[in-house]
Amino acid sequence: MTLTLILLAIGAMLLVLAVRSLRAQRLKERYALLFFSLGLPFFALAAWPDAVGYIAQALGIHYPTVLLLSVTTFFLLMIFKLLSLVSVQERKIATLAQLIGTLTAQQNAAKGPTTLPGPHFEQDQQ
Amino acid sequence: MTVSNTDHSPTPRCLIVVPAYNEAASISHVVEDLRKHVPDFDVLVIDDGSSDATAARVPDGAVVIRLPFNLGIGGAMQAGFRYAHAHGYDVAIQVDADGQHPSDQVASLVHRLGAGDADMVIGSRFLEPGGYAQSPSRMAGIRLLRTLLRLLTGKTFTDCTSGFRAVNAKVIGAFAHWYPDDYPEPEVVLLLDRAGYRIAEVPVRMRHRTAGQTSIPFLWGLFYVTKVAAALLLDMIRQPWPDDKVNLP
């Protein structure tokens, strides 16, 4: 019973996190899918705790732990891909910010000093 | 003082890049000082998303680029190098906005670059004994980075954390294309050396900052050194300048 509650709590936490982030426009659908695909199996496991063993047997995997490690590796690769995307995006955002600053300076120089305010973005409140 | 041209070659077009983040208290004095000592050099201030009146305090005659948000020293400096590259400058000199870098010694960096045997010249506080007083912990951190760089490059750079430096057009082009983030000064030394660029140092006498706060507070010193050391080790497996092209205006 305790195991079922723990599995339900973890699954619910992941789903709530994903749904809240989606609603607040802080997570794109494609990335929310990762959390859904991670959270939903916890509900399945809560209902059927022996599922890992049966699935491993069906796939011909002798040790269920190996199945869990394979799934974990898959999600780690997904996270690696996401962090790689974030790194590239950061570079692109920095380049855009530099361009905006340069173009605004050129525009100000053409129209006379201090006729236009510089661009300003509110800091993201986490 | 103006830069003399002893070899009768065309006078290089020099741009001084001043990255500034919340330096309203000192930026005016720094720019006026630069215009007094090197009046022939253009001055570009990069306001790195300051929340104070840094941009408004820049005296007339200097160009100001206001970044829409804080990019950090790496992103701010790269904006300056991209500007220098786009406008065809021969030399770019980095001068901090806190008043520590002596504007009367900017010309000595450019003179050294003009000798032609270096692509980047660093103003070093430690080439001459007793040049600059540092706290023991800071000095230990600088020594550690110096030793690590010596191990990785086989060369001794006495002041790899100095931001007071000048680069030629070749390096300006490389920096416009790619420049490290966060605390780029030591990384740039390693990456330039690995890419085959030549680096020289000249002795300078720096002042302690006139206003504001250092970008590396004392308590973060240990974290800074660890992070830079890790970044330097990772730089050894990284391509010095990535292939991905950025379309510059």
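How are helix 4 of chain B and helix 6 of chain B oriented to each other: roughly parallel or roughly antiparallel?

## Basis of the model

This is a predicted model, in which local features need pLDDT of at least 70, side-chain atom pairs count only at pLDDT 80 or more, and totals for chains, interfaces and linings use all residues. Residues are numbered from 1 along each chain as its sequence is written, while chains are lettered from A and ligands numbered from 1 in the order in which they are written.

## Helix packing

Helix 4 (residues 136–153) and helix 6 (residues 184–194) of chain B pack at about 10°, and their axes are 11 Å apart. The two helices of chain B, helix 4 and helix 6, are therefore roughly parallel (angles under 35 degrees; over 145 is roughly antiparallel, 65 to 115 roughly perpendicular and the rest oblique). Axes are lines fitted to C-alpha atoms, for helices over the stretch in contact, and angles run from 0 to 180 degrees between N-to-C directions.

From helix 4 of chain B, B:Leu145, B:Leu149, B:Leu152 and B:Thr153 meet B:Pro186, B:Val189, B:Leu190 and B:Asp193 of helix 6 of chain B. Contact requires C-beta atoms, placed from the backbone, within 7 Å. The residues of this contact between helix 4 and helix 6 of chain B comprise 6 nonpolar, 1 polar and 1 charged.

## Fold and sheet of chain B

Chain B contains 7 helices and 7 strands; helices (H or I, at least four residues) and strands (E, at least two) are DSSP runs, numbered from the N terminus. An open sheet of 7 strands in chain B has the order 3-2-1-4-6-5-7, with mixed pairing; pairing requires at least two DSSP bridges between two strands. Strand 3 (63–66) and strand 7 (199–203) of chain B stand at the edges with a single partner strand each, so one side of each has no neighbour in the sheet.

Strand 5 and strand 6 (residues 165–168) of chain B run antiparallel and are joined by 3 bridges. B:Val121 has B:Ala166 in strand 6 of chain B as its bridge partner.

## A loop residue

B:Leu127 lies in the loop between strand 5 (120–124) and helix 4 of chain B. B:Leu127 is partly exposed, with 14 other C-beta atoms within 10 Å (20 or more is buried, 12 or fewer exposed, in between partly exposed; C-beta atoms are placed from the backbone). Not counting residues up to four places away in sequence, B:Leu127 touches B:Thr158, B:Glu201 and B:Pro203.

## Contact between chains

In chain A, 14 residues are in contact with 16 residues of chain B.

Technical notes:
Two residues are in contact if their C-beta atoms, placed from the backbone, lie within 7 Å. Ala, Val, Leu, Ile, Met, Phe, Trp, Tyr, Cys and Pro count as nonpolar, Asp, Glu, Lys and Arg as charged, and the others, Gly among them, as polar.
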